Amino acid sequence: ASSFARMFVQVCLYFYCKCLWRCLKFVVRKLTGQCELQRICYNTKPGAARTMKIEASLKGSKSKRLQTSVNVHPDAIEKTIDDIMELKRINPDVNPQLGVSLQACLLQIVGYRNLIAEVEKLRREPYDSENPQHEEMLLKLWKCLKPNSPLKARISKQWCEIGFQGDDPKTDFRGMGLLGLYNLVYFAEWDTEVAQQVLTDSLHPKYSQLSKAEWEKKKFDKAIGYSFAIVGINITDLAYNLLVSGALKTHFYNVAPEAPMLTHFQQTFCYLMHEFHKFWIDEDPLDIMEFNRVREKFYKRILRQLQNPEMALCPHFAASESLINM
């Protein structure tokens, strides 16, 4: 009986707040002469803060046309804006900037949804050693990371040198499919110097940031290395979870002026790899068995950063300079 009473009270409060909110919106519109979308666009600067408010407003609207506007095809966005202006009785000639602002927000919202679909498709596609394109990408990864060490054979223990578990990397991609390979190749190809340094540090982390004398002074006598490629696939999983949970909206809405693309996701992966490497060194784990603890702590730190609507994960490497300058 008590649980039923609590549920009844919660339902009543929900409908009361919902009705109260709609009444408040009606009063504000009458007082300001502006609908909620106008107030958001005029009073919130471009970026995640504005786009997320627009997204919430559209999804929470009582109008089905507004609710579905966040799911339209990119080619239908202009017509959707016209429909919104007509539904809200807004004269586009009097409010020309509103249409431009709404279009930018919808491009980001729809683009984020499409990016999830594209990333999910790559994640679900398994690595196929019979596919020449897959094999070419795998060999490119080796050449970028180890340009001065030719691969002696396709099946080789050499793969362990860049952090795979066995002599055939194809088995290591099962969890993230082609997405893991795409990210690793992007990192190695477009941020080659950083990727090679991270690889070197992962193999010999003792002296990556401190001299041998400093390490001996601190009495660090353990190796805290990790498998570069395996960690890359794991960080791909971390980036994937941030994406599908919506946590990366803050970052993408702040750095992508229109629709976020796969390149934005891959640049974010590069940033996460770089930051995780520094985080791993700073955490000073006892051994690789602490990986899950360190990864979870790192994941929570990134989540906290992304809760700030002003946040943009600003990478400090070449591949992301174009984003920083936007």
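This briefing describes a predicted model of one protein chain, from its overall make-up to single residues. Local features need pLDDT of at least 70 and side-chain atom pairs count only at pLDDT 80 or more, while totals for chains, interfaces and linings use all residues. Residues are numbered from 1 along each chain as its sequence is written, and side-chain values use heavy atoms, with hydrogens and water left out. The protein chain has 15 helices and 0 strands. Helices (H or I, at least four residues) and strands (E, at least two) are DSSP runs, numbered from the N terminus.

**Whole chain**

- Of the 326 residues in the protein chain, 45% are buried; buried means under 20% relative accessible area, exposed means over 50%, and partly exposed lies in between (1.4 Å probe, protein chains only).
- The chain exposes about 17,900 Å², and 56% of that comes from carbon and sulfur atoms. Accessible areas come from the Shrake-Rupley method with a 1.4 Å probe; for residues, only the protein chains shown count as cover.
- Taking contacts (heavy atoms within 4.5 Å) between residues at least 6 apart in sequence, 67% join residues at least 24 apart.

**Confidence**

- The mean pLDDT of the protein chain is 85, and 82% of its residues reach 70 or more; pLDDT is the predictor's confidence in each residue, from 0 to 100.
- Residues 215-223 have pLDDT below 50, and this stretch has 17 contacts in the model beyond near neighbours in sequence.
- Residues 315-326 also have pLDDT under 50, and the model gives them 23 contacts beyond four places in sequence.

**Helices α3 and α6**

- Two packed helices are described by the angle between their axes and the distance between the axes.
- The axes of α3 (residues 48-59) and α6 (residues 96-124) come within 9 Å and cross at roughly 85°. This makes α3 roughly perpendicular to α6.
- Axes are lines fitted to C-alpha atoms, for helices over the stretch in contact, and angles run from 0 to 180 degrees between N-to-C directions. Angles under 35 degrees count as roughly parallel, over 145 as roughly antiparallel, 65 to 115 as roughly perpendicular and the rest as oblique.
- On the α3 side, the contact uses Arg-50, Thr-51, Ile-54, Glu-55 and Leu-58. They meet Ser-101, Leu-102, Cys-105, Leu-106, Gln-108 and Ile-109 of α6.
- By class, this contact has 6 nonpolar, 3 polar and 2 charged residues. Ala, Val, Leu, Ile, Met, Phe, Trp, Tyr, Cys and Pro count as nonpolar, Asp, Glu, Lys and Arg as charged, and the others, Gly among them, as polar.

**Buried positions**

- Helix α2 (residues 36-43) is largely enclosed by the rest of the structure, because 6 of its 8 residues are buried. The buried residues are Glu-36, Leu-37, Gln-38, Arg-39, Ile-40 and Cys-41.
- Val-185 is in helix α8 (residues 177-190) and is buried at 5% relative accessibility. Apart from neighbours within four places in sequence, Val-185 contacts Met-137, Lys-140 and Leu-141.
- The C-alpha atoms of Val-185 and Lys-140 are separated by 7.0 Å, although the two residues are 45 apart along the chain.
- Glu-135 is in helix α7 (residues 132-145) and is buried at 15% relative accessibility. Not counting residues up to four places away in sequence, Glu-135 touches Tyr-127, Ser-129 and Arg-154.

**Positive phi in loops**

- Most residues other than glycine have a negative phi.
- Arg-89, in the loop between α5 (77-87) and α6, has a positive phi near 55°. Arg-89 is exposed, with a relative accessible area of 78%.
- Asp-284, in the loop between α13 (262-283) and α14 (291-306), has a positive phi near 50°. Asp-284 is partly exposed, at 25% relative accessibility.
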